[in-house]
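Please walk me through this model. I would like to hear about its sheet, its ring pairs and its charges over rings.

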Amino acid sequence: MKTPLALAVTAAALSATFAFAEEPKSGGVIDTIVQPEPPGLVLGMIQNAPTRTVAGNIYEGLLRYTTDLEPIPQLAESWEVSDDGRTYTFHLREGVTWHDGEPFTAEDVVFSADVFHRDLNPSARAVLQHVESIEAIDEHTVEFTLAQPFGPFLISFEAGTFTMVPKHIYEGTDFRDNDANRPPIGTGPFKFDNWDRGTVIQLVKNEDYYEEGLPYLDGINWHIIPDGASRAVAFENGTVDVLPNGTVENFDIPRLSSMDNVCMTEEGNEYFSPFAMLWMNNREGPTADKRFRQAVMYAMDREFARDVLWNGLGNVPLSAFGSNARFQNDDLEPYDHDPEKARELLDEMGYDGEPVRLLPLPYGETWTRWAEAVQQNLREVGIEVETEATDVGGWNQRLNEWDYDLAFTYLYQYGDPALGISRTYLSDNIEKGSPWNNVEGYENERVDELFEEAATAYPESEREELYHEVQEILHEDVPVGWLLELGFPTIYRCDVKDLVNSSVGVNEGFRDAWLDR
Amino acid sequence: MLYARLIVMRLLKAVIVLLLIVIFNFFLIQMAPGDPAAILAGEAGASDQEFINQLRERFGLDQPLYVQLWHYVSGIVMLDFGYSYRLDMPVLDLILQRLPATLLLTGAAFVLSLTLGIIAGALAAARVKKPSGSLIMALALVFYATPLFWVALMAVVLFSVYLDWLPAYGMVTVGAGYTGLALVLDVAKHLVLPATTLGLFFMAIYTRMTRTSMLDAAQQDFVKTARAKGLKPGVIQRRHILRNALLPIITLAGLQAGQMVGGAILTETVFAWPGIGRLMYEALMQRDYNLLLGIFFFSAALVIVFNIITDLVYRLADPRIKEGT
C-alpha cells in the first residue's frame, strides 16, 4: 500500500518541478538600454556604471556572486583558503579561450592582477595592497599570498572590479593607447560586434563559450536614448524588452511595471547596494555639532521619501551598515521621524538659526524632489536651509573642496564593510579632490582602529564583534546622514526568462537569459 | 569677379574672427566650475589621488593655462582639434561622425519650414479677409507660442504610441540591416517627427512674415502700376509682390541656418538623433573641454559660412544691393 502512494507523491513533486523549471529555448536578440552612453568598453580600464552594464557580458572575473553574496565559480572552477587565511589557491577552468581564439591561462590572471590593475584600477588597487605576491603554480592554478588575512578578499573578484584581461594583447604596451582596445577582447558569453556612436552597441553570441549550450541568445542590442521620456516610450511601444535599473525616471516605474506581461524585480542589486547619504560637514558651522547632526536624523521623514519618492522600493537603514553588507548590528535604537526630539536637541546645543546650505544631487527629477522634502523636514524643526543647485561638474567640485554644509550622494557598498563602508569614515581617507572618500571630515581614533582591525581579523566571528562596536560609535556620532538603501528595479517583459540570477543583475545576466517566444 | 573678391575678403575676415572665438571660448570654458579629471574619476565611482593625477597628466591638465592654450591654438591651425578625454577618440573624428546627422535633420527642418512657411504666408496674404486666411494665421500663432519640447512629446504620444505610424526615436531601425532604397526610406521615416518639431517654430515665423511683408508690398506704387497695365493677379502676386517681400525672410533664414547646429540640442535629445547637438550637451556635462571647443569651432564656422551665403543670396534677390552696403 505504501509504495504506490510514495510513487504518486514523487510524480507530483516531479511534475511540479517541471512546471517551474521550463526548458530554455535558444535564439533571439534582446533589445535593452544603456544610460548614459559609456565612454568605452574596456572594463579593466573604465569602471563606471554604463561600461559595467554592457561589458559585464564581454569580460569575466574569477568568481560570480549569488544574490546572497556567496561566491560561485566563473573563470575559477574551485578555490581553497589556507588555515591562516593568508593563501588563496584558485583552480582555473580548462578549455577557456579569449574572443580572439587564444587560450586563457594562469599567466593572464597574474598579469591582470599584478600588472594591469595595480597600474590602472583604483578599486582593485585598494584590495591589492593586502596582497604580497601572485604566482602561477601551473597553467591552471594561481596562488595569491596576502600580507595578513583580509576578510573581504573572496568577495572582490567580481568581473567589474577585478576583470581578467588578455596578457598577450596588453603586455609591454601603453594600456590606454593600445589599438587592441577596439574591439574589446574578453572571455565572456558575448562578443563585441558593432557600436554606432549615439545610437546602439551590439553584442553577438560567443559560439565558443566554455559553458555548454550557453548563451541562449543570438545577441544583445543596447539602445542609446538620452531622454528619459523617450526611453519609457521605447519600452511602452515594444522596441525595448528590458529596462535595467536607473534607465527610466522613478515616477514612470509604477506605470511601466503595471503594463500587461511586464515583470519587475528588485534583485540583482545586492553587490553594489547603493546607499544614499547626506554628507554633513563635520568641520565647521552648525553641522560640526554632533547634536545638530542627530537632530537632522530625527527631523527627516525617511519612510515618506521611500514610499512617495521611490515608489516604496528600498530600505530605511538603521545606521552606517546597510542590510546587504555583512555584520549589521541590529541592537541599535533607530532614528525614527521625531521632530520633537530634533527640536530638543537643537535647543540643547543653542542653535541660533544660522542657515545651512544644501547641495542636491544633479541626477534627475527624483533627487531634486528629495532635496525639497528634506528641506521641508528640516524647516519644520527650525533649521533654515538654502538649496544650491549645480550640475554634475559643479557638484563634484563643491564636494572636492569641502564647500558645503549638507549634500546628497550615494555610494556602493560592494558587499563588505571593508570595501564599501569604511572608506567613508576612516580619517586617513580625508583628502581634498575626491567626492567619494571621507568628504565629511570625520575623525575618530577608535573608529580608525576598529575598522583597521576588522578588515584583517580572522576568522569571520572576530570581525563581527569589532564591526558591532564601530556601528555603535558611528550611530552616536552621526558623521553623515543615512538616508536610504536604494532599490533599483529591473523592468522587463515576462517572456524574458532567467535574466537576473546574480548579485550584479543584468550586468552579467544575459549569459543565462532566454526568450520564451 | 565682384563675387569672387567679396568671398575672398569675407573668408579672410572669417579666419580672424574664428581665431578670436577659439581663444575667447578657451577662457570661457576654464571659468566653468568642475574639473574633467574629477568628473571622470567620479563616473568611475571610485578614485584615489593617484588615479586623478594619472588622468590630469594624460590630458595635459597639469600644465599652466597659457601652455594649454598654446597647444590648443597651434593644434587648431594644423586642423588638429585634440582628443576627447571621455570618449577616447580624436575630436575631429567624433564631430565628422555626428555632423551629417545634424545637417540632415536641420537641413530638412530648414527646407520644410521655409517652403511651407512661405506658401502658407502667401496664401494667407491672398485670402486676407477670408476665414481660411485667419485660420492659417491662428495656427501659425499656436505653433509660434508652443514650447518645442512639448510639441515633440505630444507628437511622439500621438504618432508613435497611439497610432504607431512613425518611429519614436533614433535615425535607423536597429538591427534591421537595411541598405539602398530601404535604408533611405527608413531614415526618412525616422526624420519626419524630429524635423517637423524643429521646423514648426520657424515655419510659423515665416508664415507671419511673408503675409505682412506681402501685404506691405501690395500697397506699393509699382504694384498699382502693374495692375493698371492689366497683368493677371497671379503674376502680380508672384513676380511683383512675393519677390519684393522675400528680403526680410532671407535675413531670417540666414539666421536660422546659422543656428542649425546649436538649435537642435533639444530635438536631438528627445528623439535620440545621433547628431552634434547632443554631443555638445554631453561634452558640456562631462567638462570634455576639447570636444566642446571643437563643436563651438564648427558651429561658429557654420554661422560665418551661412552669413556669407545669405549675403550672396541677397544680391541675387535684389540686384540693387551692392558691395560695401
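A short report on these topics follows.

## Basis

This is a predicted model: local features need pLDDT of at least 70, side-chain atom pairs count only at pLDDT 80 or more, and totals for chains, interfaces and linings use all residues. Residues are numbered from 1 along each chain as its sequence is written, chains are lettered from A and ligands numbered from 1 in the order in which they are written, and side-chain values use heavy atoms, with hydrogens and water left out.

## An open sheet

Chain A has an open sheet of 5 strands, in the order 15-14-16-13-17, with mixed pairing. Strand 15 (385–387) and strand 17 (480–485) of chain A are at the edges; each has a single partner strand, so one side of each has no neighbour in the sheet. Neighbouring strands are turned by 30° against each other on average, direction ignored. Strands are DSSP runs of E, at least two residues; helices are runs of H or I, at least four residues; both are numbered from the N terminus. Two strands pair if DSSP finds at least two bridges between them.

Strand 13 (residues 275–280) and strand 16 (residues 406–411) of chain A run antiparallel and are joined by 6 bridges. Here Ala276(A) stands opposite Tyr410(A) of strand 16.

## A helix across the strands

Helix 11 (residues 365–380) of chain A lies across strands 13, 14 (356–359), 15, 16 and 17 of chain A. The helix runs at about 135° to strand 16 of chain A. Axes are lines fitted to C-alpha atoms, for helices over the stretch in contact (heavy atoms within 4.5 Å). Angles run from 0 to 180 degrees between N-to-C directions.

## Aromatic pairs

The count is 46 aromatic pairs over all chains. Rings of Phe, Tyr and Trp (its six-membered ring) pair if their centres lie within 6.5 Å; planes under 30 degrees apart are stacked, over 60 edge-to-face, the rest tilted. The ring centres of Trp222(A) and Phe510(A) are 5.4 Å apart with planes at 85°, so this pair is edge-to-face. Trp222(A) is in strand 10 (residues 219–223) of chain A and Phe510(A) in the loop between helix 16 (506–509) and strand 20 (514–515) of chain A, so the pair ties together parts 288 residues apart in sequence. Trp222(A) is buried at 0% relative accessibility. Phe510(A) is buried too, with a relative accessible area of 0%. Buried means under 20% relative accessible area, exposed over 50%, partly exposed in between (1.4 Å probe, protein chains only).

## Charges over rings

The charged end of Arg197(A) sits over the ring of Trp195(A), 4.0 Å from its centre. Arg283(A) has its charged end over the ring of Trp402(A), 3.7 Å from the centre. The rule: NZ of Lys or CZ of Arg within 6 Å of the ring centre and within 35 degrees of the ring normal.
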